[in-house]
Amino acid sequence: MKIYSTLSRQKEEFQPQGEVVTIYSCGVTPYAESHLGHAMNAVIFDTVRRYLLFRGYKVKFVQNITDVEDKIIDRANKLGIPPRELAEKFANRYFEDMATLNVMKPDIIPYATEEIPKMLEVIQGLVDKGHAYAVNGSVYFRVRSMPDYGKLSHRTLDSMQAGARIEPGEEKEDPMDFALWKAAKPGEPFWESPWGKGRPGWHIECSAMSLKYLGETIDIHCGGQDLIFPHHENEIAQSECFTGKKPFARIWMHNGLFQLGDEKMSKSIGNIVGIKQILEKHSADGFRMFVLGSHYRNPLTFSDEAIDAAEKGLERLIQAANSEPAPVKANAEKLDARSVRQKFTEVMDDDFNTPQALAVLFDIARDVNRGIEQGADVSELRHALKELSGVLGLTLKKPETAFTDAAPFIELLIKTRKQLRDAKQFKLADEIRDKLLETGVIMEDTAQGTTWKRKK
RNA sequence: GGCGACGUAGCCAAGUGGUAAGGCAGGAGUCUGCAAAACUCCCAUUCAGCGGUCCGAAUCCGCUCGUCGCCUCCA
């Protein structure tokens, strides 16, 4: 199995260190409703996790919650509630949304504010080793103390300083030095530390939690491409300088970012599309199909039309997975699923090529439908379709009827319509079908009788 | 200015040295009382453009054009 790592810029043979694959995923800063970017990220790494499980690995998946940060503090102050309360509220909403998208919950969800002692330990260690220094109650990481700083984002300190966007730090030795600990400002939450009251910098939490829950070297560290610099670069610096061990993470996986039209979807641009907004119009499976239809490292442009298209394709899979079992011919051929399973594994083994994995699912669906037509035994194929879809997190459930109360009446109409059809009263029969369609119910006449489903 | 990614059919999107997956849309059929669904067939002599390397390139190299991202909070 090969996985592309941002660090080496190539696909690497995946070799977990031990029995359990350790994964750290950079989580969210919860101060508002979650958006498409969160959903895309979660769906992608949920799929990675599911696939590893499918391949027989045990997985320990840690995803943090950053519950202390400028925007949370601002927002909470404006609302007059404690930052922690705000963070918890939106973190819970985030996990609700993710559950809707069939994203498995992380095994461990550490909250930054509950891990301050571990962070202080790491910071102190960095100070002791000369990798960090305290100024006016703040502590900064000394980037010049790390010779290979910049190795993840593939840039050098000098090239970065040549850039126009660096503000010289008032108290920093080097403008690229970054805060491990920030001295408390009035109106902000703070914790006691050897350097006085303050709060952690953004990057230190992930190093601390990763070290605490997964050890000094983890198998996979993942996040969005926008986190490569500075966040992940700084995590490496802190962690490797603290432990003296390399690498901090063996494989760095980064997903491409959502684009909206021609622009990135971003908080600063303000063109955010919320998840709830999407789920009003589209199914969770449809959204997952849309995301997995392009490779995870490429940017993905959002459009309702594109999700619609994904959803149409999805219906074929659902149909094949759930169609009425047709009569099987005596000594019918039993279609086996070995080759499609092998193909699925082959493409997923190559850096999680989900677009090709989906192509395999469509092939299976066609084989199932064709098999049914020919009276073959498709039970094994159908099972494979469901199972492999499940590996991608697709449920292939029919859209819930939401008409359960109306079901008996619909059944009655179907019966009446059958009588009309038997009597060749097609005009009336068609009228029933048309009117029912207007109310959102699709009738389909099959060899096994008439079925109905909800229109999307 | 530095670093990086990308440009494949009407749309979405794989493929990264051996002769273009898949989905959506579209066209023609089969089935059906008619539909729908399903199935069958068709739908890129060509991969932004121009050069080069090679027996062979969408895939490697160079240049040009275009788009986007990171360097600042962001998944």
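A: One term before we start: buried means under 20% relative accessible area, and exposed means over 50%. Also, this is a predicted model.

Q: Okay. Is aspartate 46 buried or exposed?
A: Aspartate 46 has a relative accessible area of 2%. The cut-off for buried is under 20%, so aspartate 46 counts as buried.

Q: Where in the chain is aspartate 46 found?
A: In helix 1, which covers residues 36-54.

Q: What does aspartate 46 touch?
A: Leaving out residues up to four places away in sequence, aspartate 46 touches Asn102, Val103, Met104 and Arg288.

Q: Which atom of methionine 104 lies 2.9 Å from its side chain, I mean that of aspartate 46?
A: The backbone nitrogen of methionine 104.

Q: New topic. Which domains is chain A divided into?
A: Domain 1 is 2-129 + 144-150 + 201-264. Domain 2 is 304-391, and domain 3 is 407-454.

Q: What separates the centres of domain 2 and domain 3?
A: 29 Å, with the centres taken over C-alpha atoms.

Q: And aspartate 377, where is that found?
A: In the loop between helix 12 (354-373) and helix 13 (379-391).

Q: Which side chain does aspartate 377 join in a polar contact?
A: That of serine 379, at 2.8 Å.

Q: What else is aspartate 377 in contact with?
A: Setting aside neighbours within four places in sequence, Val328, Ala332, Glu333, Lys334 and Leu335.

Definitions and conventions: Residues numbered from 1 in each chain as written. Chains lettered and ligands numbered in written order. Predicted model: local features only at pLDDT ≥ 70, side-chain atom pairs only at ≥ 80, totals over all residues. Heavy atoms only, no water. Domains from an automatic or database assignment. Helix = DSSP H or I, 4+ residues; strand = E, 2+ residues; numbered from the N terminus. Buried < 20%, exposed > 50% of the residue type's maximum accessible area, 1.4 Å probe, protein only. Polar contact = N/O pair within 3.5 Å; in protein donor to acceptor, adjacent residues only side chain to side chain. Contact = heavy atoms within 4.5 Å.
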